[in-house]
Amino acid sequence: MIRKNLIIIGHSPGPGIVSNRKTSTLNRVRSWINKEYTYEWKNLVDYHAPTLKMSDVNLDENYVKTFDYVIALGNMASNWLNKMDINHLKVPHPSGLNRMWNNPQTEIDTIDNIKKYLHTTKTVV
């Protein structure tokens, strides 16, 4: 099994989410990463926040910086990571409400981009 030092950054938990509850969003991300990789998942905040502001984010940037690979789910996570100067791969938010998923090619491209990103070598400068 290949192991990567990988974290996935999401926006916030959905309404009524219970730890490890299987949702379409979680299932979609699990299918992207598959069993070859171990990863941790953190959200910008630990509570459901449909209208999140950057000033509300309580994720520890120093913790995120300990990971070699960072995947941002959607614009808000990517914008925060950019603000914190954390290199990452931005992918479309996996929610079924995201209209990008109406195009089947989006899933294919997303999986391909993740595979390419996870196969890049990280070097310490």
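Visitor: In which loop does Asp85 lie?
Guide: This is a predicted model. Helix 3 is followed by Asp85. The loop that holds Asp85 is the one between helix 3 and strand 4.

Visitor: Is Asp85 buried or exposed?
Guide: Exposed means a relative accessible area over 50%. Asp85 has a relative accessible area of 71%, so Asp85 is exposed.

Visitor: What is the phi of Asp85?
Guide: Asp85 is a residue other than glycine. Its phi has a positive value. That phi is near 60°.

Visitor: Which residues of helix 3 are buried?
Guide: Helix 3 covers residues 75-83. What covers its buried residues includes strand 1, helix 2, strand 3 and strand 4. The buried residues themselves are Met76, Ala77, Ser78, Trp80 and Leu81.

Visitor: What unit do strand 3, helix 3 and strand 4 make?
Guide: Three bridges join strand 3 to strand 4. These two strands run parallel. Together with helix 3, they make a right-handed β-α-β unit.

Visitor: Which residue in strand 4 is the bridge partner of Ala72?
Guide: Strand 4 covers residues 89-91. Ala72 belongs to strand 3 and is buried. The bridge partner of Ala72 in strand 4 is Lys90.

Visitor: How many bridges join strand 1 to strand 3?
Guide: Strand 1 covers residues 6-10, and the two strands run parallel. One of the pairings takes Ile7 to Val70 in strand 3. The number of bridges between strand 1 and strand 3 is four.

Visitor: Why is strand 3 largely enclosed by the rest of the structure?
Guide: Look at both faces of strand 3. Tyr69, Ile71 and Leu73 are buried on one side. Val70 and Ala72 are buried on the other. Strand 3 is largely enclosed because its buried residues number five of the five.

Visitor: How many aromatic pairs does the structure hold?
Guide: A pair of aromatic rings is described by the distance of the centres and the angle of the planes. For two rings to pair, their centres must lie within 6.5 Å. The number of aromatic pairs in the structure is three.

Visitor: What is the angle between the planes of Trp32 and Trp101?
Guide: Trp32 and Trp101 form an aromatic pair, 5.6 Å centre to centre. The pair is tilted. The angle between the planes is 40°.

Visitor: How many residues apart are Trp32 and Trp101?
Guide: Trp32 is in helix 1. Trp101 is in the loop between strand 4 and helix 4. The pair links distant parts of the chain, 69 residues apart.

Visitor: Are Trp32 and Trp101 buried or exposed?
Guide: Buried means under 20% relative accessible area. Both Trp32 and Trp101 fall in that class: they are buried.

Visitor: Why does the pair of Tyr69 and Tyr117 count as edge-to-face?
Guide: The ring centres of Tyr69 and Tyr117 are 5.5 Å apart. Planes over 60 degrees apart count as edge-to-face. The planes of this pair stand at 90°, so the pair is edge-to-face.

Visitor: Where are Tyr69 and Tyr117?
Guide: Both residues are buried. The pair links distant parts of the chain, 48 residues apart. Tyr69 is in strand 3, and Tyr117 is in helix 4.

Visitor: Which residue has its charged end over the ring of Trp101?
Guide: Trp101 is buried. A charged end sits over its ring, 4.3 Å from the centre. That end belongs to Arg28.

Visitor: Is Asn43 buried or exposed?
Guide: Asn43 is found in strand 2, residues 39-43. Its relative accessibility is 16%. The cut-off for buried is under 20%, so Asn43 counts as buried.

Visitor: Which side chain makes a polar contact of 3.3 Å with the side chain of Asn43?
Guide: Asn43 also touches residues elsewhere in the sequence, including Gly10, His11 and Leu59. The side chain in the polar contact of 3.3 Å is that of Trp41.

Visitor: Which side chain does His11 join in a polar contact of 2.9 Å?
Guide: His11 has its place in the loop between strand 1 and helix 1. Among the residues His11 touches are Asn43, Leu52 and Met76. The polar contact of 2.9 Å is with the side chain of Ser12.

Visitor: What pattern does the protein follow along the sequence?
Guide: The secondary structure comes to four helices and four strands. Read along the sequence, the pattern is β-α-β-α-β-α-β-α.

Technical notes:
Residues numbered from 1 in each chain as written. Predicted model: local features only at pLDDT ≥ 70, side-chain atom pairs only at ≥ 80, totals over all residues. Heavy atoms only, no water. Buried < 20%, exposed > 50% of the residue type's maximum accessible area, 1.4 Å probe, protein only. Polar contact = N/O pair within 3.5 Å; in protein donor to acceptor, adjacent residues only side chain to side chain. Contact = heavy atoms within 4.5 Å. Pairing = 2+ DSSP bridges. Right-handed = clockwise from strand over helix to strand, strands pointing away. Phe/Tyr/Trp six-rings, centres within 6.5 Å; stacked < 30°, edge-to-face > 60°. Lys NZ or Arg CZ within 6 Å of the ring centre and 35° of its normal. Lists of a residue's contacts leave out its neighbours within four places in sequence.
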